[in-house]
Amino acid sequence: MTTAMTATTRATTTAGRLGLDVEAIQEGIDGRWSLPAHAYHDPAIHEFELDAIFSRRWQYFAPRESLAEPGSVVTGDVGALPVVVTRGTDGALHGFLNVCRHRGYRVVDGDCQKSRLQCGYHAWTYHLDGSLARAPGSEPDPTFRAEEMGLLPVAVDVWAQGVFVNPDPDAVPFLEAHRRLAEVVAARGFDDDPANYRLHRAITTVNPANWKLWYDNGVECYHCRHIHGSSFAAAYDVGGDSYQWDTCDTFSHSHFEPGEPGDGDDGVMRSNSYCSIQTFPGNHAVQQDDFMYMARIVPTGPESCEFVCHYFAHVDADPERVDRWIDLWDMTFSEDADAVGVQQRNLRTGRLERMRYIAESEGPVLFFSRLIWDAYREALEA
Ligand code: FES
Ligand SMILES: [Fe+2]
């Protein structure tokens, strides 16, 4: 009883500190409203989300092929955490915080090929499996336990063309966390064979908006015909009934029903197959005809995020055509960045208390709002 009361009191205190009226928000979410506006710019909420959401879920990290050879090393941020993933001499993938166990400096800078990882500050050196190989000058210290000073692990897994990271080292495997994914991938004909696509280009965009606004934008096409008239909406049948979406426990997916193959007479490229899979929180895997991309969102602040995107070309694709698709997507993302930047500014006015979603057109947005709110509640009650 005492423990339960304490947990409840703690949850109420934390919710109060964050300005979260749990009952009102629950009612709002059930009624198709968004989280309150301050959840899109408050630094305390941002910190809370980094722990409640990003520190314990799978996030797309890198193309598999960039970690194919023993000695491959790739670095990047996952949530707020600097991460390094290696392919060891044992052939296995290993993931760690890119944080030296000595005094916290960065162990690896950028992507590279290495046989050992040596910190640039005082030269502590680690094996590719994260264990400490050498700490210069530690030899005379009888209390120093090298076997206890390995890099701090994160979980690593692979799916489709991507390597995924979960900062929680005890996380269940990616496909266990997304139990219905394999079934949907098979049903939609999404090609998850890594042999069929090659990395074509990597682009990271910086967006002047909270990560939730960017993600919401990426999982609905209600806006497509209005702001993407000469980009996305020219290539896809966004106005008809062919756009379909669905949600599955931990992810949403959408597609256009296949139309006539080939480009239009006007020279505009047209896609004959499009499937987008969006796993919580912030991962995209989009595939069509001859190219695909995989991406994650890095929440870099309460009012900014990065979109780390890797474009892949099918092994039989015409590279020039893939370049044109990428140009089209770049234009689309630039238009999206403008839109969410305006939203971000306007959510700070204090006059718009929350946003109202339309269930039919914005189902995945509503779905992700619920997942975010579930994660809030889980963290508040933990
Ligand atoms: S912080 Fe890495 S060796 Fe000192
Ligand atoms: Fe868009």
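**View 1. Strand E11 alongside strand E17.** In this predicted model, strand E11 (residues 197–207) and E17 run antiparallel, joined by 10 bridges. A quick word on terms: strands (E, at least two residues) and helices (H or I, at least four) are DSSP runs numbered from the N terminus, and two strands pair if DSSP finds at least two bridges between them.

**View 2. Strand E16 and the hairpin into E17.** Strand E16 (residues 291–301) also pairs with E17, in the antiparallel sense and over 10 bridges. Two residues make up the hairpin link from E16 to E17. Look for Pro 299 here: its bridge partner in E17 is Cys 305.

**View 3. How E17 sits in the structure.** Strand E17 covers residues 304–314, and eight of its 11 residues are buried, so the rest of the structure largely encloses it. Buried means 20 or more other C-beta atoms within 10 Å of the residue's own, exposed means 12 or fewer, and partly exposed is in between, with C-beta atoms placed from the backbone.

**View 4. The open sheet E6-E7-E8.** Three strands line up in that order, with antiparallel pairing. Strand E6 (117–118) and strand E8 (132–134) are the edges, each pairing on one side only. Strand E7 (residues 125–126) pairs with E8 over two bridges, in the antiparallel sense. Tyr 126 has Leu 132 of E8 as its bridge partner.

**Notes.** Residues are numbered from 1 along each chain as its sequence is written, while chains are lettered from A and ligands numbered from 1 in the order in which they are written. As the model is predicted, local features need pLDDT of at least 70 and side-chain atom pairs count only at pLDDT 80 or more, whereas totals for chains, interfaces and linings use all residues.
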